[in-house]
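Good morning. I have one structure to go through today, and I will keep it short. Please have a look at it before I start.

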Amino acid sequence: WRPHEIRWFGDNEEYSQVTAQDIEPYPWAYDERPFHLILNLMLGGKIEKSDPPGNLPVDFIRVKPLEC
């Protein structure tokens with residue numbers, strides 16, 4: 001992320017981005033203050049009571065310095 005922009009990538013392809021202007025009038029919290037990343041993986045589809053619980057393994061999450 002940058003002080004006024006965050007970009008998401010999957011398999012080295014840019015998936016999405018958001019800027020401080022995109023969320024106005026709400027405050028931008030990702031400038032110099034510490035924050036946490038929360039990985040939220042929502043799956044769609046119909047789940048029956050008889051379906052066993054599933055797994056969605058994630059190999060890794062990488063946060064790279066801007067210089068990379």
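**The largest pocket and the surface**

Two strands, β1 (5-10) and β2, each supply at least two residues of the lining of the largest pocket. Keep in mind that this is a predicted model. Which strand gives the most to that lining? It is β1, with 6 residues.

Now the pocket itself. Its volume is about 1,600 Å³. The lining is made of 33 residues, and the closest to the centre of the pocket are Arg7, Trp8, Phe9, Ile61 and Arg62. How do the lining residues divide into nonpolar, polar and charged? There are 21 nonpolar residues, 5 polar and 7 charged.

Next, the surface. Ile61, one of the residues closest to the pocket centre, also belongs to a nonpolar patch on the surface.

Where is Leu37 found? Leu37 is in the segment after β2. Is Leu37 buried or exposed? Leu37 is exposed, because its relative accessible area is 54%, and the cut-off for exposed is over 50%.

One last point, on the backbone. Pro25 is also placed in the segment after β2, and that strand covers 13-19. The peptide bond that joins Glu24 and Pro25 is cis. Its omega is about 10°.

That is what I have for today.

Notes. Residues numbered from 1 in each chain as written. Predicted model: local features only at pLDDT ≥ 70, side-chain atom pairs only at ≥ 80, totals over all residues. Heavy atoms only, no water. Helix = DSSP H or I, 4+ residues; strand = E, 2+ residues; numbered from the N terminus. Patch = residues over 30% accessible without salt bridge, like charges linked within 9 Å, V, L, I, M, F, W, Y side chains within 5 Å. Areas by Shrake-Rupley, 256 points an atom, 1.4 Å probe, with all protein chains shown as cover. Salt bridge = Lys/Arg side-chain N within 4 Å of Asp/Glu carboxyl O. Buried < 20%, exposed > 50% of the residue type's maximum accessible area, 1.4 Å probe, protein only. 1 Å grid on protein atoms, 1.4 Å probe; cavity = no way out; pocket = protein on both sides within 12 Å on 5 of 7 lines; lining within 4 Å. Points joined across faces, edges and corners; volume = space filled by probe spheres on them. Nonpolar A, V, L, I, M, F, W, Y, C, P; charged D, E, K, R; others polar.
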